[in-house]
Amino acid sequence: MSSSFSLQMGQSIQMPDGMNLNADILLPHGMEAVPVLLTLTPYTTDYAYPMASRYAREGFAVIIVDVRGRGRSEGFFDLYNDGDDGATCVDWVAAQPWCNGNVGLFGGSYAGLNQWTIAARQPAALAALAPVCAPMPGLDADGFNGLFPLYNARWSNFVRGRSLAPKLFADDRFWSLLEREHFAKEGRVEHLLGVIGSDDPVLSQIIRGWEEPDNWITAVPSEDEFARIQQPVLTLTGTADNAQRGALEYRRRHLCARPDAQHWCIVGPWNHTGDRHPAPGSEALETGARASLDTTEWQCLLGFYKWALCGEPLPPAMQEHQTISYIAGTEAWAVPPDTAARREQLQMDSPCQHIQNPQEQIALPTTNPESGFARSLFDVLGGEKAEWSMDEIQADTALIWSSEPLVDAKTLLGTPSFSIDLEVVGGDVDVFALLVEVTTAGRATILSSDARRLAPSAGFETIQFDTFRFAARRIEAETRLSLVIGRIASPSFQRPLHEASSLRIELAHEPALRIDLPLYDPHEVKYVEIN
């Protein structure tokens, strides 16, 4: 391992159209040709420096590139479309005397997303990629099932122009008030443009992608492109990562298109930001396990790159298993059981609203944006785990189905799903569904969530809620599981322009509801040492 490195700032890499991208290069001392790790970022090269310096001290040459139109790179920032530029950078790196011909991609969030667009171009020297917390355009990077998070305005201003705006981005109070004002005015999404004084080309691209999803067709590999990605891949995400759906969907599409792919996936207790420590409130923070968890992501990444680029052995757990998850409640790592395809149908009893007969149609009122249950972006799309008292859930703002207390402890490992008959009258409506664990003490924790915007229907239609988040948690005996369904009236989301006056839920067959859950007996789950 090299303890020091040299830094070369301001290197220009010319693209085929004549534009020059800016790059900073970290070269370990005392080495000649070495494997290289490359990242392309919209957050400026300094933003990626902490992780880059760690890799350089491990003997890798590291190159950080400002994407086109950002930092000191020339051109126009074309959101998510970094594939061609990234492939050119891989070729340029491979031709340098300090590169031994093996190039890997690294980075998280946006710099995880664009690893897939670069890999789709299949540059010859690309040897591995490891996208961390990578959102997918059209799924969770900018909108979700028709919902438009107003967070988009905040993020677009963060990457506005050429430099970052971290102080403005961090001003929660400013953005919260702006979102509430927009929500109260029932503003259109285009009204978000210019909210702080001038046009915003990044937000314009996001809005176009939300209104016309085909705009993102070049930002996500096609089935044929996924099939051509033959390099080994390590996907990292977390149960509290709000880009988890995208990260896992990339993996699903890659394995569907190329079943023989060497593709590892590790789902920890991490969130999306910072060093991706376990989410606040996780039991792991109070049991002495935090130090181990904080290093797990780094050890897995480093071990993967040393295997793929340097020929060293994989970490032992990854030699035996391609999918590993952190199970909250046991505070241990596990692999899916051999019966991973099995799912239990858990019956939820009648919702808490009074029902006169099984043929009744239930109208669901709109939640209050000040005190409503689904006010949080993270509650609906995923993020930090939220806990509260069941007394805080008002019966007039949501329907709540509950199971009988579990007779035995279970391990929830996977994604829930269910279907329900709904009728929407009068306009569009946003609906959320939450799977909630309720302890005997009355404390509740969101285990998984789903949401979607529904258009008016000509009658009752069967709606599939099949884009729930991945969950991994031990559920103790005597615990109840609840399903909460409600209308979203939240400043976190763009309000439907023509809101429905009525959302009715059909319970014509029976008032109970069945939800498919990946539940296992604890002894079916195999625990592993990951470090």
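Residues 24 or more positions apart account for 78% of the contacts in the chain with a separation of 6 or more, where contact means heavy atoms within 4.5 Å. This is a predicted model, in which local features need pLDDT of at least 70 and side-chain atom pairs count only at pLDDT 80 or more, while totals for chains, interfaces and linings use all residues. Residues are numbered from 1 along each chain as its sequence is written, and side-chain values use heavy atoms, with hydrogens and water left out.

**The whole chain**

- The secondary structure comes to 12 helices and 25 strands; helices (H or I, at least four residues) and strands (E, at least two) are DSSP runs, numbered from the N terminus.
- Of the chain's 531 residues, 57% count as buried; buried means under 20% relative accessible area, exposed over 50%, and partly exposed in between (1.4 Å probe, protein chains only).

**A covered helix**

- Two packed helices are described by the angle between their axes and the distance between the axes.
- For helix H4 (residues 151–158) and helix H6 (residues 172–184), the axes come within 10 Å and cross at roughly 135°; axes are lines fitted to C-alpha atoms, for helices over the stretch in contact, and angles run from 0 to 180 degrees between N-to-C directions.
- H4 and H6 are therefore oblique to each other, since angles under 35 degrees count as roughly parallel, over 145 as roughly antiparallel, 65 to 115 as roughly perpendicular and the rest as oblique.
- Tyr151, Ala153, Arg154 and Asn157 of H4 make the contact with Asp172, Trp175 and Glu179 of H6.

**A buried arginine**

- Arg473 sits in strand E20, which covers residues 471–475.
- Arg473 counts as buried because its relative accessibility is 9%.
- The side chains of Arg473 and Glu437 are joined by a polar contact of 3.0 Å; such a contact is a pair of N or O atoms within 3.5 Å, and within protein one must be able to donate a hydrogen and the other to accept it, while residues adjacent in sequence count only if both atoms are side-chain atoms.

**An exposed glycine**

- Gly30 belongs to the loop between strand E2 (20–28) and strand E3 (34–41).
- Gly30 is exposed, because its relative accessible area is 85%.
- Gly30 and Ser4 are 26 residues apart along the chain, and their C-alpha atoms are separated by 9.0 Å.
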